[in-house]
Amino acid sequence: MEHHIARIKGEEAPEVYLFKIINKNGKTIWLENKGVLITWEGNPATLNFLADVTERKQSEDLVHNLSHMLMQAQERERQMISYEHAENWL
């Protein structure tokens, strides 16, 4: 709503943004909104194009989580190698 109001006032607002809704079944749905300022019957208005990007958002979150897990595994491996290397010097 903030983006809509800003756009109507002629203020800067992102052209594309994501937001989530929860449907009546409790399922989270991610939507992408592409909004533009138009004039409707002589008044400022917005024209909005919505797309369901739930699958894309879930895929992006999965990639992010897997990347984080990989970095953690690499750090643990570095620590183990460092520990083993230190033991060999003792």
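Glu60 and Arg56 sit together in helix H2, four residues apart, about one turn of the helix; helices here are DSSP runs of H or I with at least four residues, strands are runs of E with at least two, and both are numbered from the N terminus. The side chains of Glu60 and Arg56 meet in a salt bridge, at 3.6 Å from N to O. For the term salt bridge, a side-chain nitrogen of Lys or Arg has to lie within 4 Å of a carboxyl oxygen of Asp or Glu. The model is predicted, and local features need pLDDT of at least 70, side-chain atom pairs count only at pLDDT 80 or more, and totals for chains, interfaces and linings use all residues. Residues are numbered from 1 along each chain as its sequence is written, and side-chain values use heavy atoms, with hydrogens and water left out.

Arg56 also meets the side chain of Glu32 in a salt bridge, at 3.3 Å from N to O. Because Glu32 lies in strand E2 and Arg56 in helix H2 (residues 54-89), this pair ties together parts that are 24 residues apart in sequence. How buried or exposed are its members? Glu32 counts as buried, with 13% relative accessibility, while Arg56 is partly exposed at 38% and Glu60 is partly exposed at 41%. These classes take buried as under 20% relative accessible area, exposed as over 50%, and partly exposed as in between (1.4 Å probe, protein chains only).

The structure holds four salt bridges. Another one of them joins Glu75 and Arg78, whose closest N and O atoms are 3.4 Å apart. Both residues belong to helix H2, three residues apart, about one turn of the helix. Glu75 is partly exposed, with a relative accessible area of 36%.

Turning to the strands, E2 (residues 28-40) pairs with E3 (residues 43-52) in the antiparallel sense over ten bridges; strands pair if DSSP finds at least two bridges between them. Leu31 stands opposite Asp52 in E3. The two strands form a hairpin with two residues between them, and Glu41 in the turn has a positive phi of about 50°.

Strand E2 also contains Val36, which is partly exposed at 36% relative accessible area. Together with Leu47 and Phe49, Val36 forms a nonpolar surface patch of about 250 Å² accessible area. Patch members have over 30% relative accessible area and no salt bridge, with like charges joined within 9 Å and nonpolar side chains (Val, Leu, Ile, Met, Phe, Trp, Tyr) within 5 Å. Accessible areas come from the Shrake-Rupley method with a 1.4 Å probe, and for residues only the protein chains shown count as cover.

Aromatic rings complete the picture. Rings of Phe, Tyr and Trp (its six-membered ring) pair if their centres lie within 6.5 Å, with planes under 30 degrees apart counted as stacked, over 60 as edge-to-face and the rest as tilted. By this rule there is one aromatic pair. The rings of Tyr17 and Phe19 have centres 6.2 Å apart and planes at 40°, so the pair is tilted. Tyr17 counts as buried at 17% relative accessibility, whereas Phe19 is partly exposed at 28%.
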